[in-house]
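Here are my notes for your review. Please read them alongside the structure.

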Amino acid sequence: MTDNLYISLLASIQWLTPQSPQPDPTKRDWLLECDSMTRRLERHCRQVSVQRAREGYVFAGEAGDDIALLPASERYWLREVVLYGDGNPWLAGRMVIPAAVLEGPACALKTLGDMPLGRWLFRDGMPTRDYIQLGRAGNLWARRSCLRPHGKPLLLTELFLPDAPLYR
(Lines give C-alpha, C1' and ligand atoms only; values in the text may rest on other atoms or scores of the structure.)
Protein backbone atom coordinates (compact mmCIF):
# COMPACT_ATOMS: atom_id res chain seq x y z
CA MET A 1 0.00 0.00 0.00
CA THR A 2 1.02 3.60 -0.49
CA ASP A 3 0.84 6.40 2.07
CA ASN A 4 -2.28 7.79 0.37
CA LEU A 5 -4.02 4.42 0.62
CA TYR A 6 -3.19 4.24 4.32
CA ILE A 7 -4.54 7.77 4.79
CA SER A 8 -7.72 6.90 2.86
CA LEU A 9 -8.40 4.14 5.42
CA LEU A 10 -8.92 6.83 8.08
CA ALA A 11 -12.27 7.72 6.47
CA SER A 12 -13.50 4.13 6.89
CA ILE A 13 -13.13 4.01 10.68
CA GLN A 14 -16.29 2.96 12.51
CA TRP A 15 -16.29 4.28 16.08
CA LEU A 16 -17.23 1.77 18.75
CA THR A 17 -20.31 1.99 20.91
CA PRO A 18 -20.57 0.37 24.38
CA GLN A 19 -22.30 -2.59 22.67
CA SER A 20 -19.49 -3.09 20.10
CA PRO A 21 -17.01 -5.96 20.46
CA GLN A 22 -14.06 -4.65 22.44
CA PRO A 23 -10.34 -5.29 21.87
CA ASP A 24 -8.50 -7.95 23.82
CA PRO A 25 -6.51 -6.69 26.87
CA THR A 26 -3.19 -6.41 24.99
CA LYS A 27 -4.66 -4.31 22.19
CA ARG A 28 -6.71 -2.32 24.68
CA ASP A 29 -3.51 -1.45 26.56
CA TRP A 30 -2.05 0.00 23.34
CA LEU A 31 -5.24 1.80 22.33
CA LEU A 32 -5.75 3.46 25.72
CA GLU A 33 -2.12 4.65 26.00
CA CYS A 34 -2.29 8.09 27.61
CA ASP A 35 1.38 8.96 27.18
CA SER A 36 3.00 9.63 23.82
CA MET A 37 2.25 6.93 21.23
CA THR A 38 5.45 8.03 19.46
CA ARG A 39 7.46 7.11 22.57
CA ARG A 40 5.71 3.78 22.86
CA LEU A 41 6.39 2.97 19.21
CA GLU A 42 10.04 3.99 19.64
CA ARG A 43 10.46 1.22 22.21
CA HIS A 44 9.83 -1.30 19.39
CA CYS A 45 12.27 -0.06 16.75
CA ARG A 46 15.47 1.88 16.17
CA GLN A 47 13.81 4.80 14.36
CA VAL A 48 10.33 6.25 14.01
CA SER A 49 9.95 8.41 10.93
CA VAL A 50 7.11 10.44 9.44
CA GLN A 51 5.91 10.69 5.87
CA ARG A 52 3.54 13.61 5.41
CA ALA A 53 0.68 12.92 3.02
CA ARG A 54 -1.26 16.17 3.41
CA GLU A 55 -0.73 19.31 5.44
CA GLY A 56 -2.26 22.78 5.37
CA TYR A 57 -5.38 24.84 5.87
CA VAL A 58 -8.69 23.41 4.71
CA PHE A 59 -12.22 24.78 4.81
CA ALA A 60 -14.74 23.17 7.16
CA GLY A 61 -16.31 21.14 4.33
CA GLU A 62 -12.94 19.51 3.56
CA ALA A 63 -12.00 18.77 7.16
CA GLY A 64 -14.29 15.74 7.64
CA ASP A 65 -17.28 14.95 9.82
CA ASP A 66 -15.26 14.64 13.01
CA ILE A 67 -14.80 18.43 13.18
CA ALA A 68 -18.16 18.36 14.97
CA LEU A 69 -16.03 17.35 17.99
CA LEU A 70 -14.11 20.66 17.80
CA PRO A 71 -15.14 24.30 18.16
CA ALA A 72 -16.68 25.58 14.92
CA SER A 73 -14.29 27.36 12.58
CA GLU A 74 -14.33 28.43 8.96
CA ARG A 75 -10.88 26.88 8.41
CA TYR A 76 -8.85 24.15 10.07
CA TRP A 77 -5.21 23.09 10.01
CA LEU A 78 -5.09 19.49 8.78
CA ARG A 79 -2.07 17.19 8.94
CA GLU A 80 -2.22 13.61 7.67
CA VAL A 81 0.84 11.39 8.07
CA VAL A 82 2.07 7.82 8.13
CA LEU A 83 4.45 6.87 10.95
CA TYR A 84 7.05 4.25 10.14
CA GLY A 85 9.02 2.05 12.52
CA ASP A 86 12.34 1.09 10.91
CA GLY A 87 10.77 1.68 7.49
CA ASN A 88 7.58 -0.32 8.16
CA PRO A 89 4.25 1.55 8.09
CA TRP A 90 2.80 1.36 11.60
CA LEU A 91 0.27 4.15 12.00
CA ALA A 92 -1.81 6.50 9.83
CA GLY A 93 -2.53 9.73 11.71
CA ARG A 94 -4.73 12.74 11.21
CA MET A 95 -4.58 15.95 13.24
CA VAL A 96 -7.26 18.66 12.91
CA ILE A 97 -7.17 21.95 14.80
CA PRO A 98 -9.37 25.04 14.34
CA ALA A 99 -7.43 27.84 12.61
CA ALA A 100 -8.71 30.33 15.16
CA VAL A 101 -6.74 28.67 17.99
CA LEU A 102 -3.41 28.47 16.14
CA GLU A 103 -1.78 31.26 18.09
CA GLY A 104 1.00 31.43 20.63
CA PRO A 105 2.80 28.10 21.21
CA ALA A 106 0.16 26.24 19.15
CA CYS A 107 1.50 28.00 16.00
CA ALA A 108 4.35 25.47 16.08
CA LEU A 109 1.88 22.80 14.94
CA LYS A 110 2.11 24.31 11.44
CA THR A 111 5.89 23.84 11.30
CA LEU A 112 6.39 20.29 12.59
CA GLY A 113 7.77 19.14 9.25
CA ASP A 114 8.76 15.48 9.56
CA MET A 115 8.72 15.52 13.37
CA PRO A 116 6.17 13.13 14.92
CA LEU A 117 3.36 15.08 16.58
CA GLY A 118 3.94 13.18 19.83
CA ARG A 119 7.41 14.68 20.22
CA TRP A 120 5.91 18.17 20.22
CA LEU A 121 2.78 17.36 22.25
CA PHE A 122 4.61 15.61 25.10
CA ARG A 123 7.84 17.64 25.21
CA ASP A 124 6.77 19.56 28.34
CA GLY A 125 4.80 16.81 30.03
CA MET A 126 1.38 15.39 29.32
CA PRO A 127 -1.24 17.59 27.66
CA THR A 128 -4.84 17.40 28.83
CA ARG A 129 -6.75 14.67 27.01
CA ASP A 130 -10.55 14.89 27.05
CA TYR A 131 -11.16 11.28 25.99
CA ILE A 132 -9.98 8.32 23.93
CA GLN A 133 -12.56 6.77 21.60
CA LEU A 134 -11.85 3.39 20.02
CA GLY A 135 -12.75 2.35 16.49
CA ARG A 136 -12.14 -0.15 13.70
CA ALA A 137 -11.48 -0.04 9.99
CA GLY A 138 -12.02 -3.65 8.96
CA ASN A 139 -9.53 -5.68 11.03
CA LEU A 140 -7.48 -2.63 12.00
CA TRP A 141 -7.85 -0.84 15.32
CA ALA A 142 -8.05 2.94 15.68
CA ARG A 143 -8.46 5.61 18.29
CA ARG A 144 -9.21 9.31 18.41
CA SER A 145 -8.64 11.85 21.14
CA CYS A 146 -9.25 15.48 21.80
CA LEU A 147 -6.03 16.80 23.33
CA ARG A 148 -5.55 20.31 24.64
CA PRO A 149 -1.93 21.46 24.39
CA HIS A 150 -1.75 24.90 26.00
CA GLY A 151 -5.55 24.67 26.40
CA LYS A 152 -6.14 24.60 22.61
CA PRO A 153 -8.36 21.76 21.25
CA LEU A 154 -6.74 19.37 18.80
CA LEU A 155 -8.41 16.25 17.39
CA LEU A 156 -6.02 13.36 16.75
CA THR A 157 -7.08 10.18 14.92
CA GLU A 158 -4.68 7.22 14.78
CA LEU A 159 -5.17 4.03 12.76
CA PHE A 160 -2.82 1.15 13.58
CA LEU A 161 -1.65 -0.42 10.32
CA PRO A 162 -1.11 -4.21 9.89
CA ASP A 163 2.64 -4.14 10.71
CA ALA A 164 2.19 -2.14 13.96
CA PRO A 165 3.48 -3.73 17.20
CA LEU A 166 -0.10 -3.58 18.52
CA TYR A 167 -0.85 -6.75 16.51
CA ARG A 168 2.16 -8.81 17.67
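Predicted model: local features only at pLDDT ≥ 70, side-chain atom pairs only at ≥ 80, totals over all residues.

The points below cover salt bridges first, then strand pairing.

1. Across the whole structure, a search finds 13 salt bridges.

2. Aspartate 29 to arginine 40. These two side chains meet in a salt bridge, at 2.7 Å from N to O. Aspartate 29 sits in helix α2 (residues 25–31) and arginine 40 in helix α3 (residues 37–42), so the bridge ties together parts eleven residues apart in sequence.

3. Exposure of that pair. The two ends fall into separate classes. Aspartate 29 is partly exposed, at a relative accessible area of 46%. Arginine 40 has a relative accessible area of 10% and is buried, because buried means under 20%.

4. Arginine 119 to glutamate 42. Their side chains also form a salt bridge, with an N to O distance of 2.4 Å. Arginine 119 belongs to helix α4 (residues 117–121) and glutamate 42 to helix α3, so this pair links parts that are 77 residues apart in sequence. Helix α3 therefore supplies a partner to the bridge of point 2 and to this one, through arginine 40 and glutamate 42.

5. Exposure of the second pair. Arginine 119 is partly exposed, with 38% relative accessibility. Glutamate 42 is partly exposed too, its relative accessible area being 29%.

6. Arginine 52 to aspartate 114. The closest N and O atoms of this salt bridge are 3.0 Å apart. Arginine 52 lies in strand β2 (residues 48–59), while aspartate 114 lies in the loop between β4 (88–98) and α4, so the contact ties together parts 62 residues apart in sequence. Arginine 52 counts as partly exposed, at 36% relative accessibility.

7. The bridge of point 6 does not stand alone. Salt bridges with shared partners join Arg52, Glu55, Arg79 and Asp114 into one network. Please view these four residues together.

8. Strand β1 against β5. Strand β1 (residues 14–15) and strand β5 (residues 128–137) run antiparallel, joined by two bridges. Glutamine 14 stands opposite arginine 136 of β5.

9. The β5–β6 hairpin. Strand β6 (residues 140–148) runs antiparallel to β5, and eight bridges join them. Alanine 137 has leucine 140 in β6 as its bridge partner. What separates the two strands of this hairpin? Two residues lie between β5 and β6. Glycine 138, in the turn, has a positive phi of about 65°.

10. Strand β5 in summary. β5 pairs antiparallel with β1 and also with β6.

Notes:
Residues numbered from 1 in each chain as written. Heavy atoms only, no water. Helix = DSSP H or I, 4+ residues; strand = E, 2+ residues; numbered from the N terminus. Buried < 20%, exposed > 50% of the residue type's maximum accessible area, 1.4 Å probe, protein only. Pairing = 2+ DSSP bridges.
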